[in-house]
Amino acid sequence: DAVVLRGSCVVNEAVLTGESVPQRKDPLPSDDLARLDIDGAHRRHVVFGGTEILDASLLGTEAGADRSIASTPPDRGVVVHVVRTGFETSQGRLMR
């Protein structure tokens, strides 16, 4: 699972939720980093493991984008911070 820091993307979460409508993921405002609630209030900023990114863009002008990140991804994708891996991800919990 990863938190979007810069850019935005459209994600198909059907594997986890069964929801057929893709979800837009926006960057987490930098003032919310200290009190991150991945499964609650900040869910719209998290790309969950096992989901499919349908579209991504790195605009750099989003409200709340962390401007301290100087480099841009080579594929013009989004910048994320991985917060959970393996069996601790949303998909991993389903596999247990």
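Buried residues are taken here as those under 20% relative accessible area, exposed ones as over 50%, and partly exposed ones as lying in between, with a 1.4 Å probe and protein chains only. By this criterion Asp 26 is buried, its relative accessible area being 15%. The structure is a predicted model, in which local features need pLDDT of at least 70 and side-chain atom pairs count only at pLDDT 80 or more, whereas totals for chains, interfaces and linings use all residues. Residues are numbered from 1 along each chain as its sequence is written, and side-chain values use heavy atoms, with hydrogens and water left out.

Salt bridges were assigned where a side-chain nitrogen of Lys or Arg lies within 4 Å of a carboxyl oxygen of Asp or Glu, and the structure holds four of them. One of these joins Arg 84 to Asp 1, with the closest N and O atoms 2.8 Å apart. Because Arg 84 belongs to the loop between β6 and α2 (90–95) and Asp 1 to the segment before β1, this pair ties together parts that are 83 residues apart in sequence. Helices (H or I, at least four residues) and strands (E, at least two) are DSSP runs, numbered from the N terminus. Both partners are buried, Arg 84 having a relative accessible area of 12% and Asp 1 a relative accessibility of 7%.

The buried Asp 26 takes part in a network of salt bridges that links Arg 24, Asp 26 and Arg 44. The side chains of Arg 24 and Asp 26 meet at 2.7 Å, N to O, while the closest N and O atoms of Asp 26 and Arg 44 are 2.9 Å apart. Asp 26 and Arg 44 are both placed in the loop between β3 and β4, 18 residues apart, and Arg 44 is partly exposed, with a relative accessible area of 47%.

Strands were regarded as paired if DSSP finds at least two bridges between them. Three strands form an open sheet in the order β4-β1-β6, with antiparallel pairing. Since β4 (46–47) and β6 (79–82) stand at the edges with a single partner strand each, one side of each is left without a neighbour in the sheet. Strand β1 (residues 2–6) is joined to β6 by four bridges, and Val 3 stands opposite His 81 in β6. A further open sheet of three strands has the order β3-β2-β5, and its pairing is antiparallel. Its edge strands, β3 (23–25) and β5 (52–57), each pair on one side only. Three bridges connect β2 (residues 8–12) with β3, where Val 10 stands opposite Arg 24.

A nonpolar core is defined as a set of buried Ala, Val, Leu, Ile, Met, Phe, Trp, Tyr and Cys residues joined through side-chain atoms within 4.5 Å. The largest such core has eight residues, namely Val 3, Leu 5, Leu 28, Ile 38, Val 46, Phe 48, Leu 58 and Val 79. Another core, lying apart from it, has five residues, among them Val 4, Cys 9, Val 47 and Val 78. With contact meaning heavy atoms within 4.5 Å, and with neighbours within four places in sequence left aside, Phe 48 is in contact with residues including Asp 1, Ile 38, Arg 43 and Arg 84.
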